[in-house]
Amino acid sequence: MILNLILVKLNFVIKVKINVSMNPVQIKLLDKEKLFIKWDDDHESILSLKYLRDECPCALCKGETVLLKTFRPPKPVIVTPEMYIVKNIETIGEYAIQITWKDGHKTGIYSWDYLNQLEMEQGKNNDQKNNPLL
Ligand SMILES: [Zn+2]
């Protein structure tokens, strides 16, 4: 079990190193509804806060993947407006941001890599936001 954890962490570190070439130069909130990110290659990402929260990568929201097995917790039943309001955003080292939501949830760490992935998925799934499979 401990070995598994070390492997997952190691894999994460390697991933971050590969993507080290792309870094945000500016991160800001737009209209309290969207997160704007300008990358150092001049690319600009706009992600809706609701989408970011729904895709929170923390173990509580997404479950944990241990050696290809994903343990996904059930979706929370109680949805409050506070869930989608950002209270604070902090950068974590050189590789991620940590978002504190108004309902107190703040265990999600959004790496640059993950934010890029989300942007791509957001574009793809724009017409099916309420996909029951997600
Ligand atoms: Zn979470």
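**View 1. N88 in strand 6.** N88 sits in strand 6, a strand being a DSSP run of E of at least two residues, numbered, like helices (H or I, at least four residues), from the N terminus. The model shown is predicted: local features need pLDDT of at least 70, side-chain atom pairs count only at pLDDT 80 or more, and totals for chains, interfaces and linings use all residues. Residues are numbered from 1 along each chain as its sequence is written. N88 counts as exposed because it has 10 C-beta neighbours inside 10 Å. The cut-offs are 20 or more other C-beta atoms within 10 Å of a residue's own for buried, 12 or fewer for exposed, and partly exposed in between, with C-beta atoms placed from the backbone. N88 and T100 are 12 residues apart along the chain, and 5.0 Å separates their C-alpha atoms. Strand 6 is hardly covered: of its seven residues, the count of buried ones is zero.

View 2. T91 stands opposite I97 in strand 7. Three residues lie between the strands of the hairpin. In the turn, G93 has a positive phi of about 55°.

View 3. Three strands line up in the order 6-7-8, with antiparallel pairing. Strand 6 (86-92) and strand 8 (109-111) stand at the edges. Each has a single partner strand, so one side of each is left without a neighbour in the sheet. On average, neighbouring strands of this sheet are turned by 25° against each other, direction ignored. Strand 7 (residues 96-101) is joined to strand 8 by three bridges. A96 has S111 in strand 8 as its bridge partner.

**View 4. Helix 4 across the sheet strands.** Helix 4 (residues 112-124) lies across strand 7 and strand 8. The helix runs at about 80° to strand 8. Axes are lines fitted to C-alpha atoms, for helices over the stretch in contact (C-beta atoms, placed from the backbone, within 7 Å). Angles run from 0 to 180 degrees between N-to-C directions.

View 5. Most residues other than glycine have a negative phi. D31 is not a glycine, yet has a positive phi of about 55°. K32, also a residue other than glycine, has a positive phi near 55°. D31 is found in the loop between strand 1 (24-30) and strand 2 (34-39). K32 is found in the loop between strand 1 and strand 2. D31 counts as exposed because it has 7 C-beta neighbours inside 10 Å. K32 has 9 inside 10 Å, so it counts as exposed.

Methods. Two strands pair if DSSP finds at least two bridges between them. Two residues are in contact if their C-beta atoms, placed from the backbone, lie within 7 Å.
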